[in-house]
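The following explanation leads the reader through the charged side chains of one model and then through its sheet and helices. Please keep the sequence and the coordinates in view while reading.

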Amino acid sequence: MPNNCATLRDVQRVVLVGTDGSDLAVRAASAGLALLGAPDRIVVATAIEDGDPALVTGAGFAGGVLSPETMTQLEHERMREGEEIAAETVDALDVDGVETRVVRGDPGHALCELAAELPASVVIV
């Protein structure tokens, strides 16, 4: 009977590192990666919260307080800040070949969804 079970060597070890850019997050990532040895793939991700559409559309009797253009500009700035946070974490880790991602939404849920998508073998936060 053939053995169709994958061994640990056959599974790609993908590590997802969640970061908010803080020193504590960078130290946790560094310590976690040191424990794991050399994974096949490292993805450093940060989460940014979705913008509130009510700022443009208004709610109830109140009208919007931002134009659609301003809201779009704020979303781009938020995304750029997320990219900078991820890039600074990668620089601090001093590891080659690291991918970065910015996810939207509640950090816990967004990082869990990304972990499932990759799929990640280990998540460091």
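E75 has a relative accessible area of 16% and is therefore buried, where buried means under 20% relative accessible area, exposed over 50%, and partly exposed in between (1.4 Å probe, protein chains only). This residue is found in helix α3; helices (H or I, at least four residues) and strands (E, at least two) are DSSP runs, numbered from the N terminus. The model is a predicted one, in which local features need pLDDT of at least 70 and side-chain atom pairs count only at pLDDT 80 or more, while totals for chains, interfaces and linings use all residues. Residues are numbered from 1 along each chain as its sequence is written, and side-chain values use heavy atoms, with hydrogens and water left out.

The side chain of E75 is joined to that of R104 by a polar contact of 2.6 Å. Such a contact is a pair of N or O atoms within 3.5 Å; within protein, one must be able to donate a hydrogen and the other to accept it, and residues adjacent in sequence count only if both atoms are side-chain atoms. E75 also meets R78 in a salt bridge, at 3.5 Å from N to O. The term denotes a side-chain nitrogen of Lys or Arg within 4 Å of a carboxyl oxygen of Asp or Glu. Both E75 and R78 belong to helix α3 (residues 68-93), where they lie three residues apart, about one turn of the helix. R78, at 25% relative accessibility, counts as partly exposed.

E84 is partly exposed with a relative accessible area of 41%, and R80 is partly exposed at 44%.

How many salt bridges does the structure hold? There are six. One of them links E99 with R41, the closest N and O atoms being 2.7 Å apart. Because E99 lies in strand β3 and R41 in strand β2, this pair ties together parts that are 58 residues apart in sequence. E99 is partly exposed at 30% relative accessibility, and R41 is partly exposed at 21%.

The strands bridged by this pair also pair with each other: β2 (residues 41-48) and β3 run in the parallel sense over six bridges. Two strands are taken to pair if DSSP finds at least two bridges between them. T46 has V102 as its bridge partner in β3.

Both strands belong to an open sheet of four strands, in the order β3-β2-β1-β4 and with parallel pairing. The edges are formed by β3 (99-104) and β4 (122-124); each has a single partner strand, so one side of each is left without a neighbour in the sheet. On average, neighbouring strands are turned by 25° against each other, direction ignored. Axes are lines fitted to C-alpha atoms, for helices over the stretch in contact, and angles run from 0 to 180 degrees between N-to-C directions.

Helix α1 (residues 23-36) packs on this sheet and touches β1 (14-18), β2 and β4, contact meaning heavy atoms within 4.5 Å. The direction of α1 makes about 150° with that of β4. Helix α4 (residues 107-117) lies across β1, β2, β3 and β4, and runs at about 130° to β3.
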